[in-house]
Amino acid sequence: MHNKLQTFTIQEATKKLESYCTYQERCHKEVVQKLRNMNMIQQAIDHIVTHLISENYLNEERFAQSFARGKFNIKKWGRIRIIRELKFRGISKYNLKSALNEIEDSVYLETLDEISKRKLATLSETNTQKRRKKLADYLLYRGWETHLVYSKITELIP
């Protein structure tokens, strides 16, 4: 059985991408990749991306802000992890800053305290050094800043 390559006109691809962007905020990289997967030529990709930006379906600043809010509020990621993921998606420095402004410092520190205590309660390790290391590894993996992690560990595990 042969898989015939599906082809799309610019109008069809544009409609498809409009609904793709309407469903969820997208970054330019995701949209371009989706168009490449649809076997669109570069001129068509450029045309469609320009259309999506001009019609406000695609807005990288809005994407970055939404991404940062979501990953922080839902997954409890720290700023380092959020920045790394946004950079991976090709987000500009300006939009990175804008995204991080979505997270209030006081809420950020409260969240660190909350997830640190919750994780500490689940650790069955009795050795103090190993408990500290496990908590540090957990928080650092989630992208929390080193200085905040170590001061929190010192506070919670004297």
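**Aromatic contacts and helix packing**

Phe63, Phe67 and Trp77 form one aromatic cluster in this predicted model. In total, the count comes to five aromatic pairs. One of these aromatic pairs joins Phe72 and Trp144 in a tilted arrangement, with 6.4 Å centre to centre and 55° between the planes. Because Phe72 belongs to helix α4 (residues 60-73) and Trp144 to the loop between α8 and α9, the pair ties together parts that are 72 residues apart in sequence. Both partners are shielded from solvent by the criterion of under 20% relative accessible area: Phe72 is buried at 3%, and Trp144 is buried at 1%.

Helix α9 (residues 146-156) contains the buried residues Leu148, Val149, Lys152, Ile153 and Leu156. These residues lie on the same side of α9, because the arc they cover around the axis is only 130°. Elements covering the buried residues of α9 include α7 (105-122) and α8 (128-141). On the face of α9 turned away from its buried side, the exposed residues His147, Thr154 and Glu155 are found.

The packing of two helices is described by the angle between their axes and the distance between the axes. For helix α1 (residues 10-23) and helix α2 (residues 28-37), the axes come within 11 Å and cross at roughly 145°. The crossing of α1 and α2 is right-handed. In this contact, α1 contributes Ala13, Leu17, Tyr20 and Cys21, which meet Glu30, Val31, Lys34 and Leu35 of α2. The residues of the contact of α1 with α2 comprise six nonpolar, no polar and two charged.

Terms used:
Residues numbered from 1 in each chain as written. Predicted model: local features only at pLDDT ≥ 70, side-chain atom pairs only at ≥ 80, totals over all residues. Heavy atoms only, no water. Buried < 20%, exposed > 50% of the residue type's maximum accessible area, 1.4 Å probe, protein only. Helix = DSSP H or I, 4+ residues; strand = E, 2+ residues; numbered from the N terminus. Arc of directions from axis to C-beta. Contact = heavy atoms within 4.5 Å. Axes fitted to C-alpha atoms, helices over the stretch in contact; angles between N-to-C directions. Left-handed = near helix turned anticlockwise from the far one by under 90°. Nonpolar A, V, L, I, M, F, W, Y, C, P; charged D, E, K, R; others polar. Phe/Tyr/Trp six-rings, centres within 6.5 Å; stacked < 30°, edge-to-face > 60°.
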